[in-house]
Amino acid sequence: MNVADDYQFETSRRDLASGILKQAALDLRRFHGASSAVEREFYLDAHRWVTSDDCSWPFSFLNVCQTLNLAPGTVREEVLGDLSLGAFGYLVRRCGRATRRFKTVLSNIFTNERTMNAAEPAT
């Protein structure tokens, strides 16, 4: 494999790992109060995957977290913590996270602009 193939492989692996984690979180939320046997099985499968410490297969929860450079304990707390919030609480929490990220981005933009302006010689 050459460098381009290695990069493509790692990018594809991270994308797949991210998709698996997102699907598990979605299944946990969507089927949390499920009444049908099939939906309940989706929930239980996702819950077992998130709470498992097995790392014997490439896309186990622990290996997915490692691939994405995420702390498994933190991801578990976040994904499983979202279950108790209900739909409104979940949306409020997500909006709060988005607001904090947006604030950080804006702060970085203005800090970088001030730094660039300070570095320019006065004329």
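Tutor: The secondary structure of this predicted model comes to five helices and zero strands, where helices (H or I, at least four residues) and strands (E, at least two) are DSSP runs numbered from the N terminus. Along the sequence the pattern reads α-α-α-α-α. Because the model is predicted, local features need pLDDT of at least 70 and side-chain atom pairs count only at pLDDT 80 or more, while totals for chains, interfaces and linings use all residues. Residues are numbered from 1 along each chain as its sequence is written, and side-chain values use heavy atoms, with hydrogens and water left out.

Student: Which residues of the largest nonpolar core touch the most other members?

Tutor: In soluble globular proteins, nonpolar side chains tend to be buried together. A nonpolar core is a set of buried Ala, Val, Leu, Ile, Met, Phe, Trp, Tyr and Cys residues joined through side-chain atoms within 4.5 Å; buried means under 20% relative accessible area, exposed over 50%, and partly exposed in between (1.4 Å probe, protein chains only). Here the largest core has 17 residues, and those touching the most other members are Leu21, Leu28, Trp49, Val50, Phe61, Val64 and Val75. Helices H1 (3-30), H2 (37-51), H3 (61-67) and H4 (72-81) each supply at least two residues of this core, and H1 gives the most, with five.

Student: Which residues is aspartate 27 in contact with, leaving aside its neighbours within four places in sequence?

Tutor: Aspartate 27, in helix H1, is in contact with His32, Phe42, Tyr43 and Ala46, with those neighbours left aside.

Student: Where is asparagine 69 found, and is this residue buried or exposed?

Tutor: Asparagine 69 is found in the loop between H3 and H4. This residue counts as exposed because its relative accessibility is 71%. Its phi is near 55 degrees, a positive value in a residue other than glycine.

Note on methods:
Contact means heavy atoms within 4.5 Å.
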